[in-house]
Amino acid sequence: MNPLLLPHGMTSQEIRRRTLLQGLGAGALLAGVGGLATACSPAEDKKTVTGATGEPRRGGILRIGASGGAGTDTLDAHNPLTNTDFARLAQLYDPLLRLDHEGKFQMVLAEEAEPDSSGQVWTIKIREGVQTHDGATLEAADVLYSFQRIQENKLAGSSLLIPIDFSASKVLDKRTVQLSFIRPNAIFKQVIANHASFNIVPRGYDPARPIGTGPFKLKSFKPGVESTVTRFDNYWDAGKPHLDGIVTLNMADETTQVNALQSGQVDAVNYMSAQSIRQLQNSGAVVTVSETGGWAPITMRVDQAPFEDVRVRQALRLLVDRQQMLDIVFAGHGTIGNDVFGVVDPLSGFDKVRQRDVEQAKSLLKAAGRSDLQLTLLTNDVVPFQKSVAQLFAQQAKEAGVSVNVSQKTATDFFATDYLKAPFAQDYWFNLPYLGNVAGATAASAAYNATHFNDSEYEKLFEQATATRDENLQRQIIADMQNIDFERGGNIIPFFYPQIDATTTKVGGIVKDVSGFPFGNYDFKNIWLNS
């Protein structure tokens with residue numbers, strides 16, 4: 001029964017939520033977000049089903065119903081865009097290093113990765129005896145080639161890095177390479193640690209014939225539809241992977257995913273929202289909820305009207321009821337955001353809180369001459385919860401007289417025509433250390449700077465942070481940068497989303513993870529089936 005409608009026995013959180021819904025116009029809100037308010041609250045998530053336990057078993061084909069794919073799906077190791085790209089690349093390729101389940105650095109192909117005293121030259125030593133899918137041995141020259149391919153082809157990762165000086169970079173021996181940068185790059189590890197654009201591939205790599213070092217090798221691929229991979233028997237991590245293979249199926253929406261899991265068509269689904277938790281648990285599925293550092297901003301292009309006026313940006317941020325979004329969209333799971341990312345980073349100590357203040361928002365809009373503000377918010381189906389968040393924001397904005405028209409596009413159309421171009425839209429980020437995230441999202445040179453933010457003070461601070469290895473100094477600089485994010489940035493960050501996965505009881509090895517990526521940061525080599 002819907003706790004929002006219970007007149008007796010409600011918790012204080014439920015009473016607060018009911019009051020808020022009434023203030024917004026409950027009928028419109030319930031219709032607008034497709035009944036999400038009927039989802040269970042955290043207190044109601046009492047039914048816990050356990051997945052496969054004991055020692056991992058070898059064998060079986062894992063079938064995944066994956067969200068966020070499109071006709072633009074690719075297997076290019078250095079150019080992922082859709083969520084299904086990230087999943088498939090994790091099956092086929094390995095990076096030098098990554099972030100572990102707690103957000104700490106974990107070596108993968110690299111045994112060592114350290115800068116010199118200047119921070120301008122990094123020496124990387126790779127594991128011995130790593131094989132590629134075609135039977136060759138991975139060498140240091142392949143590492144150099146991988147970064148050269150990214151930079152020369154101006155692929156997504158190229159702008160995340162301070163440019164590598166390839167004329168000064170060199171292979172020292174078969175397992176050791178030196179990467180020289182045009183200026184100190186103290187955040188190299190932060191940038192590459194959890195970003196799928198930096199997979200390592202062999203020299204002569206052809207994305208049409210995707211050879212990597214990952215736990216699985218390609219059998220078949222149809223963009224926008226499905227892929228099949230099979231176990232790579234010579235994988236460097238002894239005894240891994242456990243599975244014989246993985247079939248990754250593109251799923252159009254969350255309802256399709258849930259139906260596929262319940263009917264036995266698939267073994268695992270990702271990016272669930274609150275509307276599915278109770279249904280999945282009642283049907284005997286295993287629901288895994290990870291609290292993460294992933295963030296899903298509403299992006300405002302600061303170079304276009306009306307968002308070039310900081311008063312408008314601040315007003316819109318003040319209109320967001322962040323707790324209500326978590327309550328309704330994620331059944332209370334997740335962490336409230338205050339328009340600043342980096343919540344998992346140990347160097348981030350930002351603690352300012354932005355409370356909802358409709359009257360202050362009205363005052364700011366009046367001062368900006370925007371009391372009758374009308375906006376179109378572009379949403380998409382990259383992950384299921386985006387549309388619900390957009391519709392909730394539109395309802396919340398009405399209290400200040402702001403009219404928000406929510407316009408939905410498919411992932412294919414959004415990435416083809418609107419991503420990084422739309423004045424007012426939604427984006428989606430996984431967890432990275434703060435400075436690594438700046439390199440990709442908010443620096444003027446960032447590849448995915450959807451807000452077109454370009455602040456001279458911010459840029460100067462970022463350059464100082466990337467030039468020092470002194471963590472205490474970096475911590476101070478990060479605090480200054482985050483204050484700029486808070487005061488005049490272009491992102492509305494209502495929350496750090498929970499990653500909600502669901503599997504059948506025969507799936508083992510799913511671990512809670514802070515990355516914001518499904519299935520324990522796509523840890524496919526450690527997943528197994530008990531039948």
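I call a residue buried when its relative accessible area is under 20%, exposed when over 50%, and partly exposed in between, with a 1.4 Å probe and protein chains only. Helices (H or I, at least four residues) and strands (E, at least two) are DSSP runs, numbered from the N terminus.

**Ground rules**

I am working on a predicted model, where local features need pLDDT of at least 70, side-chain atom pairs count only at pLDDT 80 or more, and totals for chains, interfaces and linings use all residues. Residues are numbered from 1 along each chain as its sequence is written, and side-chain values use heavy atoms, with hydrogens and water left out.

**Entry: helix 4**

I looked up burial in helix 4 to begin with. Ala140, Ala141, Asp142, Val143, Leu144, Ser146, Phe147, Arg149 and Ile150 are buried there. What covers them? I count contact as heavy atoms within 4.5 Å. The cover includes strand 6 (121-126), strand 7 (170-173), strand 8 (176-180), helix 5 (188-192) and strand 9 (199-200).

Then I checked the length. The expected span of a helix is 1.5 Å times one less than its number of residues. Helix 4 has 13 residues (140-152), so it should span 18 Å; its end C-alpha atoms are 18 Å apart, which agrees. After helix 4 comes Lys154, with a positive phi near 50°.

I take two strands as paired if DSSP finds at least two bridges between them. An open sheet of four strands came up, in the order 5-6-8-7, with antiparallel pairing. Strand 5 and strand 7 stand at its edges with a single partner strand each, so one side of each has no neighbour in the sheet. I take axes as lines fitted to C-alpha atoms, for helices over the stretch in contact, and angles run from 0 to 180 degrees between N-to-C directions. Ignoring direction, neighbouring strands of this sheet are turned by 20° against each other on average. Helix 4 packs on the sheet and touches strand 6, strand 7 and strand 8; its direction makes about 25° with that of strand 8.

Next, the pairings. Strand 5 (residues 110-115) and strand 6 run antiparallel, joined by five bridges. Pro115 stands opposite Trp122. Their hairpin has five residues between the strands, and Gly119 in it takes a positive phi near 75°. Strand 7 and strand 8 are antiparallel too, with three bridges. Lys170 has Gln178 in strand 8 as its bridge partner.

**Entry: strand 1**

Which strands pair with strand 1? Strand 1 (residues 61-66) runs parallel to strand 12 (residues 245-250), with six bridges. Gly65 is bridged to Leu249. Strand 1 also pairs with strand 13 (residues 268-269) in the parallel sense, over two bridges. Ile64 stands opposite Ala268 there.

**Entry: Gln257 and helix 6**

Gln257 sits in helix 6 (residues 254-263). Is Gln257 buried or exposed? Its relative accessible area is 0%, so Gln257 is buried. Leaving out residues up to four places away in sequence, I find Gln257 touching Gly65, Ala66, Ser67, Met251, Val269, Asn270, Met272 and Pro384. The C-alpha atoms of Gln257 and Tyr271 are 9.6 Å apart, at 14 residues along the chain.

Helix 6 packs with helix 7 (residues 274-282) at about 10°, their axes 11 Å apart. Angles under 35 degrees count as roughly parallel, over 145 as roughly antiparallel, 65 to 115 as roughly perpendicular and the rest as oblique. The two helices are therefore roughly parallel. Glu254, Val258, Leu261 and Gln262 of helix 6 meet Gln275, Ser276, Gln279 and Leu280 of helix 7.

I kept one background point in mind: most residues other than glycine have a negative phi, and most peptide bonds are trans.

- Tyr271 is not a glycine, yet has a positive phi of about 55°. Tyr271 lies in the loop between strand 13 and helix 7, and counts as buried at 2% relative accessibility.
- His452, not a glycine either, has a positive phi of about 55°. His452 is in the loop between helix 13 and helix 14, and is partly exposed at 28% relative accessibility.
- The bond from Lys240 to Pro241 is cis, with omega near -5°. Pro241 is in the loop between strand 11 (226-231) and strand 12.
- The bond from Ala305 to Pro306 is cis, with omega near 0°. Pro306 lies in the loop between strand 15 (298-300) and helix 8.
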